[in-house]
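Have the model open as you read.

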Amino acid sequence: MFYKGEPIMKKQLSEQRFAWLVIAPACVIVFGIVIFPLFTTFIYSLKNMDLTSSQYGQWVWLQNYLELLKDKEFWSTTGRTAYFTGVSLTVEITLGIFIALLLNEDIKGKTFLRTIIIIPWAVPTIVNGAMWKWIYHPEYGALNALLTQLGLIDHYQSWLGSPWLAMNMIIIADVWKMTPLVVLFFLASLQLRNLSIYEAARVDGANIFQRFYHLTIPFLKPTILVIIVVRTMEAFKVFDIIYATTRGGPANGTLTLTYDAYLKSFTNLQYSQGATISYLIAFMILTLTFLYVKVLKSEGAN
Amino acid sequence: MKKALLTLLSIILLAGIVAGCSTSSSGKDGKVTINALFMKQAGYSEEDVKAITKEFENKNPSIKVKPTFVPYEALEQKIQTSAPTGGYDIVIIDAPWTAKFAKAGFVKEVSDKLTDSNRSDIFAGAIDSVSYQDKLYGMPWLNDTKFLFYNTDMLKQAGFDNPPNTWDELLTQAKAIKDKGISDTPIVGSWAQAEALICDFTAFTSSFGGALVDENGKPTVNSKENLAALTFMTQSLKDGLTNSKSTQYLEEDVRGVFSSGKAAFALNWTYMYNMANDPKESSVVGRVGIAPVPGTQGHNGMSVNGGMGLSVTKGSKHADEAWKYIQYLSSKDVQKRFAKNALPIWKSLYEDQDVVKTGPEVVEASKVQYENLENRPRVPWYGELSTELQVSVQKALLGEITPEQALDSVQKKAEEIASK
């Protein structure tokens, strides 16, 4: 009895030490590839890190931020990014709900269909980008061939040749890739639906549209909000598909914030501008997420 | 047991991190290892470079070379992230990067390493591509420029025996080709929002007698010569003589269009000549003409200097060995043997029959064009200038703004950037 406490103490201590030992590598990695760069980037955004400038390395505090916020180009890039995010999100959610409803039906081969719907999402973005670049190719692209053979267009179009059209074509490519994920979310929550309510609605004479609007949509609302939060974060940071297809062109028509940050850092050697844009992106996403969470919470209260 | 295993695993992980961070450059046997960064490309391909490296290692048993190959798009970023620490001892650099890399202190100055006699035997354009403010920051290695490619069949059908000497002649020929229904859009260029556009733009402006910056590095973007050049480009698009899809094309797309026989004229790098004559890649084999870029009244046809050089990074710990390897790669002997894939930087080799035999037409056009090369502005802020130009020139080409507006806005921005 007398000795009982001591070994336990000893054991606890070594337990603790052991725990530290085990998480040490994770700490090193997290510090090395997340926290340290995050901190350095912040410092960069407060300094003049323009490698070719004579004032290299001097503190400029908030000047980088002010300059950027006063820059008209920066705001049109932000607008473009918002357009990309908004449109692709709307299309993905609309398509996602309908595809999920279809796949939720008891149709023949539904397991097969549910499996293959994942394929676009499983393709790496950079591969997806390369693929769509070829589909849109103005001389030997598949889209041109298809539309011409169907008689919808009489000569080959330049899909990525003008700014506004190019942006929308990129959105289509992104929607193609990301809709499966959205479908998956909706399908999962549709499976949890209480079907007896639908039976009751049907007995009460509600038609298919009424049932969809009054039952399905409210039921899917929480899922929709989750998707909006997750996808906004991703879409706002869009980079790889732009890199693989248009590289911001034509005439900056598809230049998004992250691609702008990349260009500033690695083509212009202005690391501080790149860092500042990165922090502003983070801030914007943070604000959006905060708003979403507010909405989510008030939804929950209702 | 479980605890022991976990401890072991975390030790291995830690060891892995430590090992991953350190680079061992000197082996136990006194061998020095140098890391070199190359570009994946057609001339001096991976196989070529590896073969040359093998020869070098056999001749210098104490040096081991580890070459890495990345595509052009990834090159700039890779150099920036590794040069200060010497992750690579040798990096290949593109002409427009020399100024900023020199200013940023990424690469070593090597002015005293090239003898005067060697210097005088190298094309001036090639030297320019690795110099900044009269100092040398690398050894020229690849000579390249854009040529005017033409489809000899189409020209003949339209009744022309010779390629155009001036841009106006080119327009006349293109119009005839279009009117006779030989090609809908006879001209094609790589005018996407990318460096490729500025390469073509530089060839145009300099052939019209213009320059983007003056000798003192002051921007002269909106000069009347440059305006004439840009107006020429936009007008040819408006008239339907230049393929409207050019605004989304890079060099490889231009090659595709030309090789499939859809265009009569194209501006492109040297590599297209061999590939457009390769039956596996092209349907215009034997109908490919190559000529110097056309000029204008009173101005020689100028083309863009697309030379690349090899530089020793500031952080390199084996600069001497690295330079030795660079010298071997760019030596006359090696350049002569590989002349079929990439034309030499040495003037004297162009008289060598073995070199001429590899492609008499290309050598002939090169001899003229290499004497008429224009550099993209050799200023440290070229990256920003190029980005601004790409956007504004594209806007003009797409008809969103007039050529005057485009050049005026770039001029204004360039003045701001240059004064920083």
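**Where the chains meet**

Chain B and chain A bury about 3,300 Å² between them, with 55% of that on carbon and sulfur atoms; buried area here is the accessible area (1.4 Å probe) that two parts lose on being put together, summed over both. B:Gln193, B:Lys245 and B:Gln248 supply 17% of what chain B buries against chain A, more than any other three residues.

A quick word on ground rules: this is a predicted model, so local features need pLDDT of at least 70 and side-chain atom pairs count only at pLDDT 80 or more, while totals for chains, interfaces and linings use all residues. Residues are numbered from 1 along each chain as its sequence is written, chains are lettered from A and ligands numbered from 1 in the order written, and side-chain values use heavy atoms, without hydrogens or water.

Back at the interface, 38 residues of chain B are in contact with 40 residues of chain A (heavy atoms within 4.5 Å). There's 1 salt bridge between the two chains, a side-chain nitrogen of Lys or Arg within 4 Å of a carboxyl oxygen of Asp or Glu. You'll find it between A:Glu139 and B:Lys262, at 3.2 Å, N to O.

**A look at the cysteines**

Over all chains, the structure holds 0 disulfides, meaning pairs of cysteine sulfur atoms within 2.5 Å. B:Cys199 is buried, at 2% relative accessible area, whereas A:Cys27 is partly exposed, at 38% (buried is under 20%, exposed over 50%, partly exposed in between; 1.4 Å probe, protein chains only).
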